[in-house]
Amino acid sequence: MAKLIYATKIYLLRDQGSAFELTEEEVKQLQRFVRFGALLYVKPWFEAPLAAEAAFNDLNLWRELQSFRSTDPELAAETSTVLELHLWYMSDELIGLAFFSEQLTTSEKARMVSAMQKKPEGVRSVVANPELLTNSSFDCFVSKRTANIFTQLMIDDSFVRLPPDEWIENEAYRDGQRVVQNLQVVNDLAERGVKLSKDYNKLLTKDEAENERVLQVVEQNRKHIETNCTKTCFDKMFS
């Protein structure tokens, strides 16, 4: 996002005297980047942390990219290829998060409930399998395995026996909604953890094999020694 903001500023100020000396080709590429960001990237970026909307946003973005092919075929094709490798929220288990979406209609959710009665036909992989996305509704991604998400998140799924237009008044549904709203579905924390471990390892050794051994020792330590390093724990310790 920082690069997009910076590129947008450059593009908007491109004619301001000698502030930026850009070639015609550079202006053209900036325009492509900024147009893509403004039309397709910004909204999904802001909504990426919303677990309940992940499937809806992924499918919607993929479809918008197909429409964008008429504007910039090369950029749309390259971006679609990357997105198709990251569509795990369309799998028949994680699609269950969409039951708590505010963007799906009650009729769509009703069809999803009906689809949960179907037996799964093998393990369907949406990743790198774009034909499953073409003209598909959300119930097409649902199977009996979808109910596993409720078990894994310890959500009472009794609400699915009610008409979807009554869910919002149901306590089990509202509790599940709160659980899903608190899910971390972006990898910011993981990336920060990797960066921290790399910085720390550089203080110990620059040898890659030694770095891997350090990580393995830490992992074994965490498995055998109980630790409680949450913010709540530290607040209690130092309050």
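Reply: A patch is made of residues with over 30% relative accessible area and no salt bridge, where like charges are joined within 9 Å and nonpolar side chains (Val, Leu, Ile, Met, Phe, Trp, Tyr) within 5 Å. Accessible areas come from the Shrake-Rupley method with a 1.4 Å probe, and for residues only the protein chains shown count as cover. A salt bridge, in turn, is a side-chain nitrogen of Lys or Arg within 4 Å of a carboxyl oxygen of Asp or Glu. In this sense Tyr41, Trp45 and Phe46 form a nonpolar surface patch of about 330 Å².

The model is predicted: local features need pLDDT of at least 70, side-chain atom pairs count only at pLDDT 80 or more, and totals for chains, interfaces and linings use all residues. Residues are numbered from 1 along each chain as its sequence is written, and side-chain values use heavy atoms, leaving out hydrogens and water. The confidence score pLDDT, which the predictor gives to each residue from 0 to 100, has a mean of 83 over the protein chain, and 79% of the residues reach 70 or more.

The chain holds 10 helices and 0 strands; helices (H or I, at least four residues) and strands (E, at least two) are DSSP runs, numbered from the N terminus. Trp45 belongs to helix α2, residues 24-47. With a relative accessible area of 39%, Trp45 is partly exposed, a class lying between buried (under 20%) and exposed (over 50%), judged with a 1.4 Å probe on protein chains only.

The buried residues of α3 include Ala54, Phe56, Leu61, Trp62 and Phe68. Among the elements that cover the buried residues are α2 and α4 (73-83).

Two neighbouring positions show this cover in detail. Asn57, in α3, is buried at a relative accessible area of 10%. Contact means heavy atoms within 4.5 Å; leaving aside neighbours within four places in sequence, Asn57 is in contact with Glu47 and Gln103. Asp58, also placed in α3 (residues 54-68), is buried as well, at 15%. Not counting residues up to four places away, Asp58 touches Leu83, His86, Leu87, Tyr89 and Met90. The C-alpha atoms of Asp58 and Leu87 are separated by 6.9 Å, although the two residues are 29 apart along the chain.

Beyond α3, the chain continues into a loop that is tied back to α2. The side chains of Arg32 and Asp72 meet in a salt bridge of 2.7 Å, N to O. This pair links distant parts of the chain, 40 residues apart: Arg32 in helix α2 and Asp72 in the loop between α3 and α4. Asp72 is buried, with a relative accessible area of 7%, and Arg32 counts as buried at 18%. Arg32 also meets Glu74 in a salt bridge of 3.7 Å, N to O. This second pair, 42 residues apart, links helix α2 with helix α4.
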